[in-house]
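Biologist: Before I rely on the words used for this fold, I would like to go through them one by one and hear what stands behind each.

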Amino acid sequence: MRNDVTTTTVSKFICGAYDSLLKSGLHVTIGDNFEEYIRITDGLPGKSPTYPHFRPDCSDLLPGNAFWVIGRDRADRVAHVQAMRLYDLSTKSLHEHLETLGDYFADPALKAGPASSCICYAPSARRITGLVAYRGDLWLREDFRGLGLLPFLSRIAFGLAWAKWSPDFVYALVAAWNIEKGVADRNGYLRKERGAVARLPARGIHDDDWLVWLTREDLMKMLSSASNAAVAMRTA
């Protein structure tokens, strides 16, 4: 860890983002029980089904290697969810990880279903290796959209990921509209390429996504930047 990215720095970064969410009427809890997470997310009106990455019947969501964030409004109703998990890609690239469906399933041969495939065409995916964190299942209730909360929700996730894992990369796979409308930018991703086509018919997944990501250096700059920390402490 670089000298200016201390435990105190990361704590202030996360707490500043959390305080900004509180001022907007959203309080968050963090956990790692994905049975509980699925019970909550599967019952949310207007939210797409949670992908296999965060389903215990599909993935090995071991303690310490995955967490979720759930936000609730002042009436304690769920208004936000997101989750992150860590992959050890020290012996293969993200390109291989995606194309073998390891991104979705602990055992693709057993769980993926017939005619399942993923074609990764993002050139940089071949260079993404090491400890790689995936962020997904991001959902924000409609009445909380447009309030400028995405940067703070991202800072919560990125700060926790750094504190827990200090990853080499953080990535997500997002639909084209996230790029076109600047949603990926507001989520803090600095790098993007046309990414992967996934077909998982048994799961109803037919995606043509962009790959968005941050490097370890990107994360360190984000966390150690005094200006970003100051922004995170102000009201959205």
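Biologist: At what angle do helix H1 and helix H5 pack, and how far apart are their axes?

Modeller: This is a predicted model, in which local features need pLDDT of at least 70 and side-chain atom pairs count only at pLDDT 80 or more, while totals for chains, interfaces and linings use all residues. Residues are numbered from 1 along each chain as its sequence is written, and side-chain values use heavy atoms, with hydrogens and water left out. Helix H1 (residues 7–23) and helix H5 (residues 150–165) pack at about 155 degrees, and their axes are 9 Å apart. Because angles over 145 degrees count as roughly antiparallel (under 35 is roughly parallel, 65 to 115 roughly perpendicular, the rest oblique), H1 is roughly antiparallel to H5. The axes are lines fitted to C-alpha atoms, for helices over the stretch in contact, and the angles run from 0 to 180 degrees between N-to-C directions.

Biologist: Which residues of H1 and H5 meet, and how do they divide by class?

Modeller: Contact means heavy atoms within 4.5 Å, and on the H1 side the residues that meet H5 include Val10, Phe13, Ile14 and Ala17, while those on the H5 side include Phe152, Leu153, Arg155 and Ile156. The residues of this contact comprise twelve nonpolar, two polar and one charged, where Ala, Val, Leu, Ile, Met, Phe, Trp, Tyr, Cys and Pro count as nonpolar, Asp, Glu, Lys and Arg as charged, and the others, Gly among them, as polar.

Biologist: What makes H1 roughly perpendicular to H8?

Modeller: H1 and H8 pack at about 75 degrees, with axes 9 Å apart, and that angle makes H1 roughly perpendicular to H8. Thr9, Val10 and Phe13 in H1 meet Met222, Leu223 and Ser224 in H8, a contact with four nonpolar, two polar and no charged residues. Helix H8 (residues 216–224) also lies across strands E6 (169–174), E7 (191–200) and E8 (205–215), running at about 65 degrees to E8.

Biologist: Why are E1 and E4 said to stand at the edges of the sheet?

Modeller: The open sheet has eight strands in the order E1-E2-E3-E5-E6-E8-E7-E4, with mixed pairing. Strand E1 (27–31) and strand E4 (117–120) each have a single partner strand, so one side of each is left without a neighbour in the sheet. The twist averages 25 degrees from one strand to the next.

Biologist: How do you know that E4 and E7 pair, and how many bridges join them?

Modeller: Two strands pair if DSSP finds at least two bridges between them, and four bridges join E4 to E7, which run antiparallel; Ile119 stands opposite Val197 in E7. E7 and E8 also run antiparallel, joined by nine bridges, with Leu200 opposite Ile205 in E8. These two strands form a hairpin with four residues between them, and Gly204 in the turn has a positive phi of about 70 degrees. Elsewhere, strand E3 (residues 78–89) and strand E5 (residues 130–140) are antiparallel and joined by nine bridges, and Ala83 has Gly136 in E5 as its bridge partner.

Biologist: Why does Ile179 count as buried?

Modeller: Buried means under 20% relative accessible area (exposed is over 50%, partly exposed in between, with a 1.4 Å probe and protein chains only), and Ile179 counts as buried because its relative accessibility is 17%. Ile179 lies in helix H6 (residues 176–180) and, not counting residues up to four places away in sequence, touches Val174, Ala184, Lys192, Trp210 and Val212.
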